[in-house]
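User: Could you walk me through how some of the helices pack in this one? I would like to go pair by pair.
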Amino acid sequence: MKKTMVRVGILLTLMTGILTTIQAQSFNWVSSKDGKFWKQNSEKVQNRAVGKTDVVVKGTEKLSTFKAFGTCFNELGWDALNMLSSTQQELVMKQLFAPDGEMHFSVGRIPMNANDYARSWYSCDEVDGDFQLKYFNVDHDKQTLIPYIKFAQKYNPDITFWISPWSPPTWMKINHHYACKTGKFNDLPEDRQVNLFTDDQFIQDPRYLQAYADYFCKFVKAYRQEGISITSVMYQNEAYARTEYPGCAWTADGTARFIADYLVPTLTKEVPGVDAYLGTLNTNRMDVVGKILSNDKLAKSIKGVTFQWEGGQILPKIRAQYPDYSYIQSESECGWGEIDWKAAEHIFDLINHYLANGCEKYVFWNSILADKGMSTWGWSQNSLIRVNSQTKAVTYTPEYYAAEHYSHFIPAGSVVLGYKESGTNKKPILVMMTPEKKYVVIAGNLADKKQIMSVKLGPHYLNADLDAHSFHTFVMK
């Protein structure tokens, strides 16, 4: 397991005091390379740039305000956690969720019904034609997800939650199956596959649409009874992915119809205060997303928009057109089970992109998995923490450190002052200011050779040599 005492001490040092200038100041510097994580150093500001200035910050900018990092609670993650001793479990959960831990996760995503990291397909009501939802229950979740969530609440009682389904109950769908596409891990006949962008897999009948809106409310209420408060909902995970695992294809018209005419009015009536977002969007097609948002009723009823995978490519354009929405990165990309430094670099770059472009929350996918991270439907994926099912050894993966270079040092309420996306020199940089008025500069060098970073902070410059393929966080002392 990781050593934590030194690093907790570092954080306390970094976060004490309130400074409004950086004259004669130095920065604590934490850096990581493949196999050499969390090296500690310091760097003083200078009066001139070394090389070309990468980012210029006056200190008065406020591009966006960041609120929280978090993760999704999945059944296979719960199974991996339970392979460990109670002592190991406690340490892992503390590192992920405790305010004095390492990752400081304070938002959780909950799948409504099974997702691709469930043990198998299930929903809260598989009784065909149960429009009154008489048979609705969360008994399945009480065996896995709810204990997992309560474990996180033990270390962070203030954690907030949002939900999204991967698939509605099968009887609400035109092909009466949880999947969209035939695959070797499901039993969907080929003649019952659906198409993206042209098919509404959900039955577009008012009885079904209203029952599904009621279903969301029942889920929120059932979790409240378990002491878990859900503050927002997303209507569908990746409506534009043709999945062999649980999924549901929606058209732009079907999306707008369900959210504006059924979901939001029902939430407002039954669980007031629970916000609806458009998401999670996994398409880069501006025509599709634009058509949804052109529905005036929908546009006025949603709190914001959430993006993942290809959806992140159009985040800047959508945000420019709709600057008043709240934006969330809803699922960090999972890779293919590589668990290597290259995958970590991709995540580091991804976090820079989403935070730089105004996302107030960033949600990681699986925090912990066993072995190669194989899903129930045959997809091996990365995770922040890996458990060896035979030896019970715990590995904090390179992706963990990539994430920690951000989440460990960016408290809620920090504002983005400036940034540089990766670009041709593969040098992403993000400059933030904490509520305590401390500058935080996060930089990566993803190139094959050493590069100089120079960031202008008011009248001074933070200059540093960045080793090839390395991550860095600088925090004002």
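User: Which hand is the crossing where helix 5 passes helix 6?
Analyst: In this predicted model, the crossing of helix 5 past helix 6 is right-handed. The axes of helix 5, which covers residues 206–225, and helix 6 come within 9 Å and cross at roughly 40 degrees, and that makes helix 5 oblique to helix 6.

User: And which residues make the contact?
Analyst: From helix 5 the contact takes Pro206, Leu209, Gln210, Tyr212, Ala213, Asp214, Phe216, Cys217 and Lys221, while helix 6 brings Arg257, Phe258, Tyr262, Leu263, Thr266, Leu267 and Glu270.

User: How do the residues of that contact divide into nonpolar, polar and charged?
Analyst: The contact of helix 5 with helix 6 has 10 nonpolar residues, along with 2 polar and 4 charged ones.

User: Switching to helix 6 and helix 7, at what angle do they pack?
Analyst: Helix 6 (residues 252–270) and helix 7 (residues 286–293) pack at about 30 degrees, and their axes lie 9 Å apart. Angles under 35 degrees count as roughly parallel, so helix 6 and helix 7 are roughly parallel to each other.

User: Which hand is the crossing there, and what makes the contact?
Analyst: Helix 6 passes helix 7 in a crossing that is right-handed. On the helix 6 side the contact is made by Ala252, Asp253, Thr255 and Ala256, and on the helix 7 side by Val288, Lys291 and Ile292.

User: What about the classes in that contact?
Analyst: In the contact of helix 6 with helix 7 there are 4 nonpolar residues, 1 polar residue and 2 charged residues.

Methods:
Residues are numbered from 1 along each chain as its sequence is written. This is a predicted model: local features need pLDDT of at least 70, side-chain atom pairs count only at pLDDT 80 or more; totals for chains, interfaces and linings use all residues. Side-chain values use heavy atoms; hydrogens and water are left out. Axes are lines fitted to C-alpha atoms, for helices over the stretch in contact, and angles run from 0 to 180 degrees between N-to-C directions. Helices (H or I, at least four residues) and strands (E, at least two) are DSSP runs, numbered from the N terminus. Angles under 35 degrees count as roughly parallel, over 145 as roughly antiparallel, 65 to 115 as roughly perpendicular and the rest as oblique. A crossing is left-handed if the near helix is turned anticlockwise from the far one by less than a right angle, and right-handed if clockwise. Contact means heavy atoms within 4.5 Å. Ala, Val, Leu, Ile, Met, Phe, Trp, Tyr, Cys and Pro count as nonpolar, Asp, Glu, Lys and Arg as charged, and the others, Gly among them, as polar.
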